[in-house]
Amino acid sequence: MPEDLSALDRPATVRHAEPEHAGVVLVDWMLGNSCNYACSYCPSALHDGSIRWQAATDILRFLDVLRRHYCGTLGRQVWLQFTGGEPSQHPRIDTILAEARARGFRSSLISNGGRTLRFWDRIAPLLDGMILTYHDEFADHARFLDLAVLLAEAMPLHINITIHPDRFDAILARALEISETVPLASISLKPLRIGFGTDPYAYTDDQRARMQAASRGAGPRGTTAPRGVMCAIAEDGRHAVQKAAAFLLTGRNRWHGYLCEAGIESLRVHADGRILRATCGVGGTLGRLGGPVDLPLSPVLCDRDACGCVADILITKRDIGALNRATGLA
Ligand code: SF4
Ligand code: SF4
């Protein structure tokens with residue numbers, strides 16, 4: 001059956017287009033809230049250093065908990081995606097990445113790339129992928145290009161380019177230069193959300209179309225990334241494949257009442273040590289880094305009006321009514 005965008009309106013299932021992505025628990029791990037940048041659109045709680053870096057001993061202990069639960073009990077691949085603040089600034093980042101590798105996990109960083117090329121050259125062998133985010137207010141453009149080339153040659157690289165509507169044309173020109181210089185990387189021009197919440201800034205239709213046109217999917221190394229695109233499937237088999245950003249831009253990110261694999265396919269470690277199923281916080285706190293943690297064995301019922309971030313959109317969800325009808329329970 002050909003793709004049909006009407007499948008997006010009330011899908012029975014939203015699942016990963018690549019089946020192997022469903023077998024990965026992606027741990028979105030905020031190591032702290034210190035950052036070497038202070039972007040104007042970033043809430044201060046995400047970069048002001050008000051929370052100390054997490055202790056390496058607590059981190060390494062939790063790596064063992066993850067291995068027992070997700071690899072042992074659930075038979076999943078663990079992929080750690082470290083964020084911050086700026087995760088490359090954690091004083092023990094080399095050790096954390098080496099210990100993750102020793103446990104058979106995969107690791108990547110979401111980073112502004114602000115550290116030296118020598119630093120990145122040193123830790124590149126410990127990384128399985130990298131998401132670089134270009135923030136035009138602080139990025140050293142020439143050095144960013146050098147770093148992107150270095151990383152793209154070593155691992156799958158995705159580049160997010162944040163594009164503020166007030167500086168749209170200037171940032172778009174930079175984005176096109178990055179795109180030409182680093183052909184191996186996938187690229188997303190990201191609509192910014194006000195205060196990093198659920199509502200995007202007021203982009204014109206033309207700006208949205210140009211952002212989509214300048215973005216491109218995975219390059220030749222991209223097949224090992226932990227996440228890709230999602231496929232929405234209606235009860236009658238109509239289906240449509242979409243990028244997470246497209247769900248956000250079109251407002252088709254509302255799955256209240258769906259059964260969601262948050263906590264099975266995803267985990268969120270907050271900078272203050274709280275452990276949640278996903279960024280949304282549905283299902284409540286599972287425990288704390290350095291203390292007891294009760295990791296889930298089953299999915300959770302979504303009680304939110306909107307699924308507000310890309311990481312949460314990239315989790316399998318099933319309409320419980322359609323699920324019951326399919327299994328003869330309704
Ligand atoms: S680089 Fe990221 S964490 Fe740091 S200030 Fe900018 S948006 Fe916030
Ligand atoms: S808001 Fe949370 S529970 Fe709801 S669909 Fe998104 S990730 Fe799942």
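This is a predicted model: local features need pLDDT of at least 70, side-chain atom pairs count only at pLDDT 80 or more; totals for chains, interfaces and linings use all residues.
Reader: Got it. Which residues are around ligand 2, then?

Author: They're Cys260, Cys280, Val282, Cys302, Arg304, Cys307, Asp312 and Lys317.

Reader: And where does ligand 2 sit?

Author: In the largest cavity.

Reader: What about ligand 1, what surrounds that one?

Author: Ligand 1 has Cys35, Tyr37, Ala38, Cys39, Cys42, Leu46, His47, Gly85, Asn112, His135 and Phe196 around it. By class, that shell is seven nonpolar, four polar and no charged residues.

Reader: Switching topic: what does UniProt say about residues 31–125?

Author: An unreviewed UniProt entry puts the feature "domain: Radical SAM core" there. In the model, that span is 37% helix and 14% strand, and its end C-alpha atoms lie 20 Å apart.

Reader: How do strand 5 and strand 6 pair, parallel or antiparallel?

Author: Parallel, over five bridges, with strand 5 at residues 129–134 and strand 6 at residues 157–163. Leucine 132 has isoleucine 159 in strand 6 as its bridge partner.

Reader: What holds paired strands together in general?

Author: Strands of a sheet pair through backbone hydrogen bonds, in either the parallel or the antiparallel sense.

Reader: And what's the pairing in the six-strand sheet?

Author: Antiparallel, and the sheet is open, in the order 9-8-1-15-10-14. Strand 9 and strand 14 (300–301) form the edges, each with a single partner strand, so each has one side left without a neighbour in the sheet.

Reader: How many bridges join strand 10 to strand 15?

Author: Three, joining residues 258–260 to residues 317–319 in antiparallel fashion. Tyrosine 258 is opposite aspartate 319 of strand 15.

Reader: Last one: what do strand 8 and strand 9 form?

Author: A hairpin, with five residues between the two strands. Glycine 237 is in the turn and has a positive phi of about 95°. Strand 8 (residues 230–233) and strand 9 (residues 239–242) are antiparallel over four bridges, and cysteine 231 is opposite valine 241 in strand 9.

Conventions: Residues are numbered from 1 along each chain as its sequence is written. Chains are lettered from A and ligands numbered from 1 in the order in which they are written. Side-chain values use heavy atoms; hydrogens and water are left out. UniProt positions are given in the numbering used here, feature names are shortened, and annotations may be inferred rather than shown by experiment. Two strands pair if DSSP finds at least two bridges between them. A residue is near a molecule or strand if one of its heavy atoms lies within 4 Å of it. On a 1 Å grid over the protein atoms alone, a cavity is a set of points where a 1.4 Å probe fits but cannot get out, and a pocket is an open set with protein on both sides within 12 Å along at least five of seven lines; lining residues have an atom within 4 Å of a point. A molecule sits in a cavity or pocket if more than half of its atoms lie within 2 Å of its grid points. Ala, Val, Leu, Ile, Met, Phe, Trp, Tyr, Cys and Pro count as nonpolar, Asp, Glu, Lys and Arg as charged, and the others, Gly among them, as polar.
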